[in-house]
Amino acid sequence: MSTGEKVAKSEEEWKKELSPEQYQVLREKGTERPFTGKYWDSKERGTYSCAGCGQELFESDTKFESFCGWPSFWDAIDKTKVAYHEDNSLGMRRVEVTCSRCGGHLGHIFDDGPRPTGKRFCINSASLTFKPAEAGSSPKP
Ligand SMILES: [Zn+2]
């Protein structure tokens, strides 16, 4: 799979490829119920990728326990991997986070995260797939 290319598919194609839950979150900007997703409580080392297109988005090194019920990260792997959009739905001013490659909805970003960024990427488990770090690989400095 080459990187940098945008992924554009019809809603029909997405519907075929994604599970109903993934489709609802990624394509219809749904939100999974807190504490129900696969990854909110995961502490395993590895990499989280977009469930829509496979682009790598977050590392377990930046995941932290926020107790909000969704996987939370204080930074993305690379700032080009995610895109931000103002979201004024539900009567709230929030910033939506999407995958920069396929446009899939991931979650929202808030300003109450830990240092060094102070950001909290609040991401739906349904929009992520997790790949465990290879055994024996050393943690990043
Ligand atoms: Zn994607």
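Mentor: Let's start with a term: four donors count as tetrahedral if all angles lie between 85 and 135 degrees. Keep in mind that this is a predicted model.

Trainee: Thanks! Which atoms are the protein donors of the zinc ion here?

Mentor: They are the SG atoms of Cys50, Cys53, Cys99 and Cys102, lying 2.3 to 2.4 Å from the zinc ion. The angles they subtend run from 103 to 114°, so the arrangement is tetrahedral.

Trainee: What spacing do the donors follow along the chain?

Mentor: The pattern is C-x2-C-x45-C-x2-C. Cys53 sits in the loop between strand S1 (46-50) and strand S2 (56-59), while Cys99 belongs to strand S6 (residues 94-99), so this pair ties together parts 46 residues apart in sequence.

Trainee: Are Cys53 and Cys99 buried or exposed?

Mentor: Both Cys53 and Cys99 are buried.

Trainee: Now to S1. Which strands does S1 pair with?

Mentor: S1 pairs with strand S9 (residues 128-132) in the antiparallel sense over five bridges, and Gly46 stands opposite Pro132 in S9. S1 also pairs with S2, again antiparallel, over three bridges, with Tyr48 opposite Phe58. In the hairpin of S1 and S2, five residues separate the strands, and Gly54 takes a positive phi near 85°. Five of the five residues of S1 are buried, so S1 is largely enclosed by the rest of the structure.

Trainee: And how do I read a pocket?

Mentor: Rolling a probe the size of a water molecule over the atoms shows where empty space is left. Here, the second largest pocket holds about 180 Å³ of space. It is lined by 15 residues, and the closest to its centre are Trp40, Ser42, Lys63, Phe64 and Glu65. The lining has five nonpolar, five polar and five charged residues.

Methods:
Residues numbered from 1 in each chain as written. Predicted model: local features only at pLDDT ≥ 70, side-chain atom pairs only at ≥ 80, totals over all residues. Heavy atoms only, no water. Donors = N, O, S within 2.8 Å, 3.2 Å for Na, K, Ca; no water. Tetrahedral: all angles 85-135°; square planar, octahedral: opposite > 155°, others 65-115°. Helix = DSSP H or I, 4+ residues; strand = E, 2+ residues; numbered from the N terminus. Buried < 20%, exposed > 50% of the residue type's maximum accessible area, 1.4 Å probe, protein only. 1 Å grid on protein atoms, 1.4 Å probe; cavity = no way out; pocket = protein on both sides within 12 Å on 5 of 7 lines; lining within 4 Å. Points joined across faces, edges and corners; volume = space filled by probe spheres on them. Nonpolar A, V, L, I, M, F, W, Y, C, P; charged D, E, K, R; others polar. Pairing = 2+ DSSP bridges.
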